[in-house]
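Work through the exercises below with the sequence and model open. Each one is followed by a worked solution.

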Amino acid sequence: MRTLGNFLWFILGGVFMGLCWWFCSLIAFISIIGIPWGRACFVIGKFSFFPFGKEAISREELTLRGDIGTGGFGLVGNIIWFLLAGIWLAIGHLLHAIACFITIIGIPFGLQHLKLAAISLSPIGKTIVSKEVAHSAKMRNADVEVTRLRSGT
């Protein structure tokens with residue numbers, strides 16, 4: 001089912017938004033200072049081409065360790081990203097979502113566009129993994145939190 005969903009997604013508009021992400025990536029790489037944003041754009045662009053069966057998750061949630069993109073610098077990076085490109089990509093995904101919601105068959109595609117719109121607002125500090133890996137990380141984090149609460153630390 002994922003393969004069929006990804007195929008339909010790609011030919012019915014996913015390719016356009018994926019190329020938009022890659023265009024932003026290219027602009028960021030050309031500017032040299034934008035390389036961290038360019039890397040995030042490239043990863044999310046691949047996700048935008050074939051989103052079914054994958055999920056965006058915080059790297060900190062996945063690895064249980066912070067890094068430069070999940071801390072204060074990541075927040076500043078996301079603010080800069082939002083002002084320069086994030087809002088435009090989010091608008092593109094929202095417009096595609098509205099177009100998809102017109103038909104019943106398009107509803108799953110519209111929901112994917114809404115997820116991508118949310119990611120486009122703050123992509124720094126996120127990574128794309130399979131739904132199974134994301135679920136495992138969330139369950140592990142819940143177990144760690146319960147253990148921490150029980151121990152009182």
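**Exercise 1.** How many disulfides does the count come to? Then examine Cys41 and Cys100.

*Solution.* The model is a predicted one: local features need pLDDT of at least 70 and side-chain atom pairs pLDDT 80 or more, while totals for chains, interfaces and linings use all residues. Residues are numbered from 1 along each chain as its sequence is written, and side-chain values use heavy atoms, with hydrogens and water left out.

Step 1. Apply the rule: a disulfide is a pair of cysteine sulfur atoms within 2.5 Å. The count comes to zero.

Step 2. Take Cys41: the nearest cysteine sulfur belongs to Cys24 and is 5.3 Å away, and Cys41 is in no disulfide. Cys41 has a relative accessible area of 0%, so it is buried (buried is under 20% relative accessible area, exposed over 50%, partly exposed in between, with a 1.4 Å probe and protein chains only).

Step 3. Take Cys100: its nearest cysteine sulfur, that of Cys20, lies 14 Å away, and Cys100 is in no disulfide either. With a relative accessible area of 15%, Cys100 is buried.

**Exercise 2.** Describe how α4 packs with α5.

*Solution.* Step 1. Identify the helices, which are DSSP runs (H or I, at least four residues; strands are E, at least two), numbered from the N terminus. Helix α5 covers residues 107-121, and α4 covers 72-101.

Step 1. Read the geometry. The axes are 7 Å apart, at an angle of about 170 degrees (axes are lines fitted to C-alpha atoms over the stretch in contact, and angles run from 0 to 180 degrees between N-to-C directions). This makes the two helices, α4 and α5, roughly antiparallel (angles over 145 degrees; under 35 is roughly parallel, 65 to 115 roughly perpendicular, the rest oblique).

Step 2. Sort the contact by class: 16 nonpolar, seven polar and no charged residues (Ala, Val, Leu, Ile, Met, Phe, Trp, Tyr, Cys and Pro are nonpolar, Asp, Glu, Lys and Arg charged, the others, Gly among them, polar).

**Exercise 3.** What lines the second largest pocket?

Step 1. List the lining, which includes Cys24, Ile27, Trp37, Trp81 and Leu84.

Step 2. Assign elements. Both α1 (2-30) and α4 supply at least two lining residues, and α4 gives the largest share, four.

Step 3. By class, the lining has nine nonpolar, two polar and no charged residues.

Key. 1 Å grid on protein atoms, 1.4 Å probe; cavity = no way out; pocket = protein on both sides within 12 Å on 5 of 7 lines; lining within 4 Å.
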